[in-house]
Amino acid sequence: MIACEVIPATKSAEKIAAKVAEEVGLTVARSYAESSASVALVVDTHDVWLQPLEKPRPGRVMVDFSSPDMLHRRKSGHNEPLGRAVGVKADRKPRVFDATAGLGRDAFVLADLGCEVELSEASPVLYFLLQHARKTALMSASEKVIQAAKRMTISRGNSTHRSLTGFNTVYLDPMFPDRSKSAAVKKDLAAVQSLLGSQSGSQEVPTSDSTDHAVALLNWALSQPVERVVVKRPIKSPYLGGVKPSHAIMGKVVRFDVLVRPVNQ
Ligand SMILES: C[S@@+](CC[C@H](N)C(=O)[O-])C[C@H]1O[C@@H](n2cnc3c(N)ncnc32)[C@H](O)[C@@H]1O
């Protein structure tokens with residue numbers, strides 16, 4: 001079974017779907033019925049989303065920084081632990097390298113808190129969705145969303161191949177444990193997992209669900225000239241790679257392990 005194919009949402013989106021498929025390196029199917037993939041990248045004339053194809057068919061997964069979910073996250077105060085973990089203070093907004101961008105939610109939260117954030121993503125499909133979401137956010141009716149989007153840059157590739165300069169913090173969220181109480185978040189992560197299942201054989205897209213890979217990411221991050229490395233973990237899980245953090249910041253269902261580095265490294 002192919003894990004992901006591009007499907008045009010309507011007849012008028014066929015040309016643009018073909019272009020997107022070329023860009024992300026996937027084949028095109030004309031309809032859900034014709035596809036044997038487990039998840040589709042559905043392309044419409046102005047929009048794009050992931051559609052898991054199992055039955056009963058769950059809802060679409062979009063990267064949308066103006067969505068009610070994101071608005072809730074921004075207002076509910078549960079961003080605070082993430083902000084504190086990366087080192088946000090009233091007068092200090094660190095530059096953050098998000099080495100595992102995914103659907104860009106954590107990165108957007110950080111950008112919304114005032115940080116400049118580079119989102120690095122290995123999956124060509126997620127990279128495409130992130131770019132589309134940033135472009136859409138730049139046209140938002142909300143000035144706050146526009147300003148946050150302007151603080152985000154998006155890059156594609158394996159983060160461990162990068163040599164960083166000019167960042168204060170590396171942020172890592174490498175794993176997909178079932179850590180959310182929200183059905184919507186569970187559905188979104190499941191769709192991303194199916195998608196990555198398809199691409200994990202390639203050199204460019206590492207199998208992000210493997211502990212070895214997560215530990216390699218941590219070792220890479222610790223070798224970079226940054227003041228801190230932050231690792232998101234399920235609340236009760238052991239330290240990644242057994243490396244004891246300087247301190248941890250607790251959220252409701254996740255924990256942020258903070259490894260503070262000597263400043264002049
Ligand atoms: C759990 S998701 C991150 C979710 C993200 N924090 C969010 O808020 O949406 C992990 C992501 O990291 C990406 N990833 C894993 N290892 C990577 C690497 N070495 N370089 C770039 N991206 C990587 C995977 O493709 C996946 O999309």
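Modeller: Two strands pair if DSSP finds at least two bridges between them, and five bridges join strand 1 to strand 2 (residues 39-43), the two running parallel. This is a predicted model, in which local features need pLDDT of at least 70, side-chain atom pairs count only at pLDDT 80 or more, and totals for chains, interfaces and linings use all residues.

Biologist: Which residue of strand 2 stands opposite Pro-8, and what makes strand 1 and strand 3 edge strands?

Modeller: Opposite Pro-8 stands Val-43 in strand 2. The open sheet has the order 1-2-3 with mixed pairing, and strand 1 and strand 3 (48-52) each have a single partner strand, so one side of each is left without a neighbour in the sheet. Strands here are DSSP runs of E, at least two residues, and helices are runs of H or I, at least four, numbered from the N terminus.

Biologist: Why does Ala-3 count as buried?

Modeller: Buried means under 20% relative accessible area, against over 50% for exposed and partly exposed in between (1.4 Å probe, protein chains only); Ala-3 has 12% relative accessibility and therefore counts as buried. Ala-3 lies in the segment before strand 1 (4-8), and its C-alpha atom is 6.0 Å from that of Val-39, 36 residues away along the chain.

Biologist: Why is helix 4 called roughly perpendicular to helix 6?

Modeller: Helix 4 (residues 105-112) and helix 6 (residues 143-150) pack at about 110°, with their axes 8 Å apart. Angles of 65 to 115 degrees count as roughly perpendicular, under 35 as roughly parallel, over 145 as roughly antiparallel and the rest as oblique, which makes helix 4 roughly perpendicular to helix 6. The contact (heavy atoms within 4.5 Å) involves Phe-108, Ala-111 and Asp-112 of helix 4 together with Lys-144, Val-145, Ala-148 and Ala-149 of helix 6.

Biologist: How do you know on which side of helix 6 its buried residues lie?

Modeller: The buried residues of helix 6 are Val-145, Ile-146, Ala-148 and Ala-149. They cover an arc of only 165° around the axis, and therefore lie on the same side of helix 6; the arc is that of the directions from the helix axis to the C-beta atoms.

Biologist: How many bridges does strand 4 form with strand 7, and in which sense?

Modeller: Strand 4 (residues 96-98) pairs with strand 7 (residues 169-172) over three bridges, in the parallel sense. Phe-97 has Val-170 of strand 7 as its bridge partner.

Technical notes:
Residues are numbered from 1 along each chain as its sequence is written. Side-chain values use heavy atoms; hydrogens and water are left out. Axes are lines fitted to C-alpha atoms, for helices over the stretch in contact, and angles run from 0 to 180 degrees between N-to-C directions.
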